[in-house]
Amino acid sequence: MINKFINHSAIFKLNGTVQHYAWGGRTFIPELLSMQNTDNKPFAEYWIGAHRKSPSVVYVGDEKTGLPRLIELAPRQVLGDHVIDKFGPELPYLFKVLDAREMLSIQVHPSKRGAELGFARENTLGIPVDAPDRSYRDDNHKPEVHVALTDFWMLHGFRDLADIDKMLHTIPEFAPLLPEFKNNDLKNLYRCIMTMPQDKVDDMINPLLERLTPLYELNKLKPEEPDFWAVRASIDFPLPDGHRDRGIFSIYLLNLLHLKPGQGTYQAAGVPHAYLMGTNVELMANSDNVLRGGLTPKYIDVQELLNTLSFETGKPDILRGEKKSAAENVYKTPARDFELSRITLSGNDVYVSSDTHGPDALILLEGSITAGCKANSMNCSRGEALFVPADLSYTLKTDNKATVYKATVPINN
């Protein structure tokens, strides 16, 4: 059957892989995938793609194989000339559904050049790719876009300098940081926070938490306030011997966003960010490179973080999508590796793809659909995923209502 596919393109179903990171929720992804979670495991992310760490499995008739193997067997047919010419014989994106029950780490992703240099350097040093003290798992950059499925809280980029100055003047516990922010020197302030001795971190954070925790316990702090997340961080990320995580400072330095379903943001290289709570769909370059800056027990390479960070300030753009057709809303970004769309169908609506497109991965978040092309058609229910080879024209339709998220590679970006 796989040999038949190589000679005749068709739509096929795809099974992704679940990542059980500790911060993940326990109900959303299992319910989406119609899986039992009798062990009450955290289901943090559902990956759809060909990343070497956790590739998806595709079903061609009664046969199954890894998506990377299918690409290896027929790269131009699966990916298309556009992708092969720009990225080589690899799927350039990684598609995810994510459920954050607890806060994720403060993090930043490298540029393409930074990833190549960092990956080569750590290889030269002989650090195993899966070592806990390794920063670069591959040589690719990791820009990413996401769209909220529920109310979603996150940190994104540094606040305006005026807001940071006001914060340092109004939070008494942070007064010792004021000299480090002389002349609005944000880089110096952040370097100080990330390199100061742990006892000085504790000396500032402990009295802050002593003041805020009683208010949190009385439900007098709201998620719209950084104070709420500072206390939540102290609960989620206790350090040994009663020490405090310096990432708590970043909760006050970064923009705190509350996204509604259908809204999203784009994280370019160097932009500090953290997901705090909620579910979303996320699309990124095919990489697992993360440089952390706190709110984590994992390895933090402070110098590499400082070298990678963008210290631009200001409020981030909130993406709401642009109408491409009656059914399709596109979340455009500068990234050439990927493009994310939301397709909504009702009644007799039919989505008709272009006959010129990149490799498409689709996941059904709501309802049921029939997906068809010249070679085949299939019915899909909530939680199922499809893969459509490049340039294969196809349709999606439903008898009721359906919401589909589509990942692709933009042809004209």
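This is a predicted model: local features need pLDDT of at least 70, side-chain atom pairs count only at pLDDT 80 or more; totals for chains, interfaces and linings use all residues.
Strand β1, which covers residues 12–15, pairs with two other strands. With strand β20 (residues 385–388), β1 runs antiparallel and is joined by three bridges. In this pairing, Phe12 stands opposite Phe387 of β20. Three bridges also join β1 to β4, again in the antiparallel sense. Here Asn15 stands opposite Val57 of β4.

Strand β4 (residues 57–60) is in turn paired with strand β5 (residues 63–66), over four bridges and in the antiparallel sense. Val60 has Glu63 of β5 as its bridge partner. The two strands β4 and β5 form a hairpin, with two residues between them. Gly61, which lies in the turn of this hairpin, has a positive phi of about 65°. In a regular strand, side chains alternate between the two faces of the sheet.

Helix α6 comprises 13 residues, 112–124. From the first C-alpha to the last, α6 reaches 18 Å, close to the 18 Å expected at 1.5 Å a residue. The buried residues of α6 are Ala115, Gly118, Phe119 and Glu122. These four residues are on the same side of α6, because they cover an arc of only 100° around the axis. Arg113 and Thr124 are exposed, and lie on the other side of α6. Just after α6, Gly126 takes a positive phi of about 75°.

Asn37 is found in the loop between α2 (28–32) and β3 (45–49). The relative accessible area of Asn37 is 18%, and buried means under 20%, so Asn37 counts as buried. Asn37 is 333 residues apart from Thr370 in sequence. In space, the C-alpha atoms of Asn37 and Thr370 are 28 Å apart.

The largest cavity has a volume of about 30 Å³. The residues that line the largest cavity are Met167, Leu168, Phe174, Leu177, Leu189, Ile193, Phe249, Tyr252 and Leu253. By class, this lining divides into nine nonpolar residues, with no polar and no charged ones. Three helices, α7 (161–170), α8 (186–195) and α11 (247–253), each supply at least two residues of the lining of the largest cavity. Of the elements that contribute, α11 gives the most to this lining, with three residues.

The largest pocket has a volume of about 680 Å³. Of the 37 residues that line the largest pocket, Trp23, Ser105, Gln107, Arg292 and Lys298 are the closest to its centre. The lining of the largest pocket is made up of 17 nonpolar, six polar and 14 charged residues. Strands β6 (93–100), β12 (273–285) and β13 (291–292) each supply at least two residues of the lining of the largest pocket. Of the contributing elements, β12 gives the most to the lining of the largest pocket, with five residues.

Notes
Residues are numbered from 1 along each chain as its sequence is written. Side-chain values use heavy atoms; hydrogens and water are left out. On a 1 Å grid over the protein atoms alone, a cavity is a set of points where a 1.4 Å probe fits but cannot get out, and a pocket is an open set with protein on both sides within 12 Å along at least five of seven lines; lining residues have an atom within 4 Å of a point. Grid points are joined across faces, edges and corners, and a volume is the space filled by probe spheres set on the points. Ala, Val, Leu, Ile, Met, Phe, Trp, Tyr, Cys and Pro count as nonpolar, Asp, Glu, Lys and Arg as charged, and the others, Gly among them, as polar. Two strands pair if DSSP finds at least two bridges between them. The expected span of a helix is 1.5 Å times one less than its number of residues. Buried means under 20% relative accessible area, exposed over 50%, partly exposed in between (1.4 Å probe, protein chains only). The arc is that of the directions from the helix axis to the C-beta atoms.
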